[in-house]
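Please read it with the structure open.

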Amino acid sequence: MQFKKQRWVWMGLLAGLLAMPAASAFEEGRHYYEVPFRQAVETGSRIEVREVFWYGCPACNHIEPALNAWLAKGLPRNAAFRRTPGMREGWVQHARLYYTLEKLGVVDKHHSAVFDAIHKEGQTLDSEDRAADFLVRRGVDAKKFRQAWGSFTVRFKLESALQYNREAGVGGVPSFVVDGRYVTSVGLAGGEDKIFPLLEHLVARAARERSQRPKP
């Protein structure tokens, strides 16, 4: 009888442990960090997931297909995706290229092609003329491209990107910033297979924290 009683006690304890929520596999300070200065988001009520990238970065190029597949599968319904170019010395022309594509409204059409041109075809695309020649061959109007390249809008966004990189504490690319608050990377996550579950974890955390804020 005593054995049976103990058996049921242990079974009850085991059931209780199984019913408890599992501890997160991701730890703040190890897999992600809070940014030094919280950044404003552009996505309103949705949680912002922002990639910081550089077209010349092999790791950014490598993750691009997996990132596209994750985005095609569908972000969590309460999240939205944005990009910001990295702004280290030597990266500015590629950042300008990205913002030129954005101003022309053709990022989705040419973004992956820019990676391919640099990493598969050996092009540099690190000047206005080289970038223009490449994109004109892809159907972009040359005059509109050059107007956008030198526009105030693009120059302003470059300054904003520089400030964002500094204040978010982005140490390398590709990095991801969730809700302007948490920054992580493939290396911190533990590999490419971990980064997207980690981003979804951070989206859920940010959503919980938003719901707990006092309403004005």
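1. Helix 4 (107–119) gives the largest share of the lining of the largest pocket, six residues. Helices here (H or I, at least four residues) and strands (E, at least two) are DSSP runs, numbered from the N terminus. A pocket is an open set of points on a 1 Å grid over the protein atoms alone, with protein on both sides within 12 Å along at least five of seven lines; a cavity is a set of points where a 1.4 Å probe fits but cannot get out; lining residues have an atom within 4 Å of a point.

2. This is a predicted model, in which local features need pLDDT of at least 70 and side-chain atom pairs count only at pLDDT 80 or more, while totals for chains, interfaces and linings use all residues. Residues are numbered from 1 along each chain as its sequence is written, and side-chain values use heavy atoms, with hydrogens and water left out.

3. The largest pocket has a volume of about 540 Å³. Volume here is the space filled by probe spheres set on the grid points, which are joined across faces, edges and corners. Of the 24 lining residues, Arg50, Arg82, Arg83, Tyr98 and Glu102 are the closest to the pocket's centre. Besides helix 4, the elements that give two or more residues to the lining are helix 2 (58–73), strand 3 (79–85), helix 3 (92–104) and helix 7 (152–168). By class the lining has nine nonpolar, six polar and nine charged residues. Ala, Val, Leu, Ile, Met, Phe, Trp, Tyr, Cys and Pro count as nonpolar, Asp, Glu, Lys and Arg as charged, and the others, Gly among them, as polar.

4. The search of the whole structure finds one cavity of 30 Å³ or more. About 40 Å³ of space lies in the largest cavity. Its lining consists of Phe53, Trp54, Tyr55, Pro85, Gly86, Trp91, His94 and Ala95. Six of these lining residues are nonpolar, two are polar and none is charged.

5. Which residues of helix 7 are buried? They are Val154, Leu158, Ala161, Tyr164, Asn165 and Ala168. Buried means under 20% relative accessible area, exposed over 50%, and partly exposed in between (1.4 Å probe, protein chains only). Seen down the axis of helix 7, the buried residues fall within an arc of 125°, so they line one face of the helix. That arc is taken from the directions from the helix axis to the C-beta atoms. The face turned away from the buried side carries the exposed residues Phe152, Glu159 and Arg166. The cover over the buried residues of helix 7 includes strand 2 (47–53), strand 3, helix 3, helix 6 (142–149), strand 4 (175–178) and strand 5 (182–185).

6. Helix 9 (residues 192–212) has 21 residues and reaches 31 Å from its first C-alpha to its last, close to the 30 Å expected at 1.5 Å a residue. The expected span is 1.5 Å times one less than the number of residues. Among the buried residues of helix 9 are Ile195, Phe196, Leu198, His201, Arg205 and Glu209. The buried residues of helix 9 pack against strand 2, helix 2, strand 3, strand 4, strand 5 and helix 8 (186–189).

7. Phe26 sits in the loop between helix 1 (2–19) and strand 1 (33–34) and is buried, with a relative accessible area of 14%. Not counting residues up to four places away in sequence, Phe26 touches His31, Tyr32, Ala189, Lys194, Pro197, Leu198 and His201; contact means heavy atoms within 4.5 Å. Phe26 and Lys194 are 168 residues apart along the chain, with their C-alpha atoms separated by 9.5 Å.

8. Some backbone angles deserve a check. Most residues other than glycine have a negative phi, and most peptide bonds are trans. Leu125, in the loop between helix 4 and helix 5 (128–137), has a positive phi near 50° and is buried at a relative accessible area of 1%. Asp179, in the loop between strand 4 and strand 5, has a positive phi of about 60° and counts as buried at 3% relative accessibility. The peptide bond from Val173 to Pro174 is cis, with omega near -5°, and Pro174 lies in the loop between helix 7 and strand 4.
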